[in-house]
Amino acid sequence: MSESIVSMRGVNKWFGEFHVLRNIDLEVKRGERIVVCGPSGSGKSTMIRCINRLENHQAGTIQVDGVELIDDLKRIETVRREVGMVFQHFNLFPHLTVLENLTLGPCWVLKKPRAEAEALAIKYLERVRIGDQAHKYPGQLSGGQQQRVAIARSLCMNPKIMLFDEPTSALDPEMVKEVLDVMITLAQESGMTMLCVTHEMGFARKVADRVIFMDQGEIVEQGKPDDFFSAPRTDRARHFLDQIVH
């Protein structure tokens with residue numbers, strides 16, 4: 001892994017009086033896979049949403065692949081072309097087929113010819129194991145299938161970084177494994193930089209190069225998965241793991 005592709009220095013954010021991010025310092029190396037965990041309300045999702053300016057920060061600096069995120073639409077658009085995001089809820093257009101959902105971005109944003117965009121969409125649908133669902137509508141698919149469509153849609157934009165914001169938390173338990181399996185395969189095969197907010201600690205053990213633990217808007221602890229799970233250094237991390245690891 002070479003230089004940093006994401007750099008956050010002294011990042012702070014408030015929602016009104018609520019100080020949601022407190023002096024975040026984070027360097028993400030190119031190709032690194034990071035799992036962000038912590039209790040609800042700890043700032044995990046807000047932190048990764050700042051990376052593609054879905055949330056703006058009020059203090060500190062954020063650079064993504066050398067571009068500093070400031071209130072400049074051209075810079076924000078440049079970064080968003082580089083950063084794919086998969087949300088907790090799938091955010092698919094219900095009136096469009098799966099194939100149409102996937103080709104929208106490449107055609108309109110990347111200006112790809114439709115035939116090329118459709119070939120790319122089929123490629124990634126097959127990669128996430130639902131190539132036979134291309135002509136269905138989202139409402140005809142299970143939750144797990146819809147989330148895999150959302151992952152494929154992000155991949156169609158050829159991002160350098162993928163952000164996952166609790167991608168399995170809205171799924172029924174039996175659908176969680178199918179989505180995690182796709183993400184594990186993607187992580188192992190693609191070499192793409194990934195940041196994933198999740199409570200799926202098995203996924204973290206298997207995929208992450210680094211686990212980041214957040215609480216009350218701060219990065220409290222970070223390290224390799226084996227170290228974090230076997231010997232957490234802080235009482236806050238130990239208490240968190242006691243609650244969720246069975």
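The crossing of helices α3 and α4 is right-handed, a term applied when the near helix is turned clockwise from the far one by less than a right angle. The structure is a predicted model, in which local features need pLDDT of at least 70 and side-chain atom pairs count only at pLDDT 80 or more, whereas totals for chains, interfaces and linings use all residues. Residues are numbered from 1 along each chain as its sequence is written, and side-chain values use heavy atoms, with hydrogens and water left out.

Helix α3 spans residues 98-108 and helix α4 residues 114-127; helices are DSSP runs (H or I, at least four residues) numbered from the N terminus. Their axes come within 9 Å and cross at roughly 125 degrees, with axes fitted to C-alpha atoms over the stretch in contact and angles running from 0 to 180 degrees between N-to-C directions. The two helices are therefore oblique to each other, the class left once angles under 35 degrees (roughly parallel), over 145 (roughly antiparallel) and 65 to 115 (roughly perpendicular) are assigned. In α3, Val98, Leu99, Leu102, Thr103, Pro106 and Cys107 meet Arg114, Ala117, Glu118, Ala121, Ile122 and Leu125 of α4, contact being heavy atoms within 4.5 Å. These residues comprise 9 nonpolar, 1 polar and 2 charged.

For helices α5 (residues 143-155) and α6 (residues 173-190), the axes come within 8 Å and cross at roughly 20 degrees. Helices α5 and α6 are therefore roughly parallel, and their crossing is right-handed. Among the α5 residues in contact are Gly143, Arg148, Ile151 and Leu155, while those of α6 include Met175, Glu178, Val182 and Leu186.

Terms used:
Ala, Val, Leu, Ile, Met, Phe, Trp, Tyr, Cys and Pro count as nonpolar, Asp, Glu, Lys and Arg as charged, and the others, Gly among them, as polar.
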